[in-house]
Amino acid sequence: MVFFGYMIFSILFGLLADRYGRWKILLISFLWGAYFSLLTSFSPSYIWFVFLRTMVGCGVSGHAQGLIIKTEFLPTKYRGYMLPLSQVFWLVGSLLIIGLASVVVPTIGWRWLIRIASIPGIVLILAFKFIPESARFNVSTGNTQAALATLQHIARMNRSALPEGRLVEPVLEKRGRFADLLGAKYLRTTLQIWVIWLGISFAYYGVILASTELLERDLVCGSRSESSAVAVPVEASEESQSPCHCHLFAASDYRTMIISTVGEIALNPLNILGINFLGRRLSLSITMGCTALFFLLLNICTSSSGLIGFLFMLRALVAANFNTIYIYTAEVYPTTMRALGMGISGSLCRIGAMVAPFISQVLMSTSLLGALCLFSSVCVVCAISAFTLPIETKGRALQQIK
């Protein structure tokens, strides 16, 4: 349901960002996400919990506008280096929430985990004073004075000066139109991007959810351990009464999650080199192919260390995939439909995320090999789609008009 909320509002926020500005939508999404995240901790029932998390998903869907703003300010030669470094901050956030959960959930409960986790989102609203609207967007709407003011501020900060002359660009009235995404020039690119986004999300959340499923198995043979069949005493607690019948993670489970999460940054240096020297298309097709291979390797009988190693590499590969497709999508579309292109891609991405739990937890409990083969097959399709993309954005200036 979180992904469902993201799916619906990702398109809406993308449409609005192309028409009214990236900064406004980013601010609204932050306020929305922080407010409903905090409300979730006061949920009186499971239904309310699910509804409020859906609303959080709606808000978070607008956060991609931060990447759009950054992409539109960065010079061409630096985009391939600076954009992947965002992954470092994603990693830090992931590690913080796992570490926080290991301390807070067993002691004062999940409600306080959500409350504490909401604090950064509220504090960061103050940072919006220092975030400018995209100068490219202002130029495309005819607001050249605002664009010049932003560029002059940047020049002063860098102790530099703007080039002489006037800032001249045609005003683009037709912005954020669905028809443009499916026009003759971008039709094939758009369809292939959608396939890749859906597949990458399916694989990414599949790895995360499969990690918890595989932790409950006999790591040597790939079958359920006997301990999982032992009846767990039912306590009159909030956790035992939940419809999910969830059980708390052990300390070793948190450690394994931390190790596999660190994997998300392991290939970042190689990913940066790949997208800058091999190009976005070839780099993505290679990492997607390797992802397909490592999914199949999860079926090999191995030790606990071996499983953690495979999960580590899978997290590294799927994170590299996401890095590359985020950059490619932001670069390939012109300013008039960049936010909408990213929004619709993010929306379709959540379909893969919604399907992933049924494969990594439901199907995997019935047929481990069947689930892994399905994940692997999807990654192969994405690798082929990436390799055959019609436009390479390496070294290509951002397009202002279609």
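## Salt bridges

A salt bridge is a side-chain nitrogen of Lys or Arg within 4 Å of a carboxyl oxygen of Asp or Glu. This is a predicted model, in which local features need pLDDT of at least 70, side-chain atom pairs count only at pLDDT 80 or more, and totals for chains, interfaces and linings use all residues. Residues are numbered from 1 along each chain as its sequence is written, and side-chain values use heavy atoms, with hydrogens and water left out.

The structure holds six salt bridges. One of them joins E331 and R79, N to O at 2.8 Å. The partners sit 252 residues apart, E331 in helix α15 and R79 in helix α5 (residues 76-82). Helices are DSSP runs (H or I, at least four residues), numbered from the N terminus. Both E331 and R79 are buried, meaning under 20% relative accessible area; exposed is over 50% and partly exposed lies in between (1.4 Å probe, protein chains only).

## Other pairs

R22 pairs with D18, with closest N and O atoms 2.9 Å apart. R22 is at 0% relative accessibility and therefore buried. D18, also at 0%, counts as buried.

E392 bridges to R281 at 3.5 Å between the closest N and O atoms. E392 lies in the segment after α17 and R281 in helix α14, 111 residues apart. E392 is partly exposed because its relative accessibility is 24%. Salt bridges with shared partners join D18, R22, E72 and R338 into one network.

## Contacts of I193

Beyond its neighbours within four places in sequence, I193 is in contact (heavy atoms within 4.5 Å) with Y328, T329, V332, Y333, S345 and L389.

Note on methods: Helix = DSSP H or I, 4+ residues; strand = E, 2+ residues; numbered from the N terminus.
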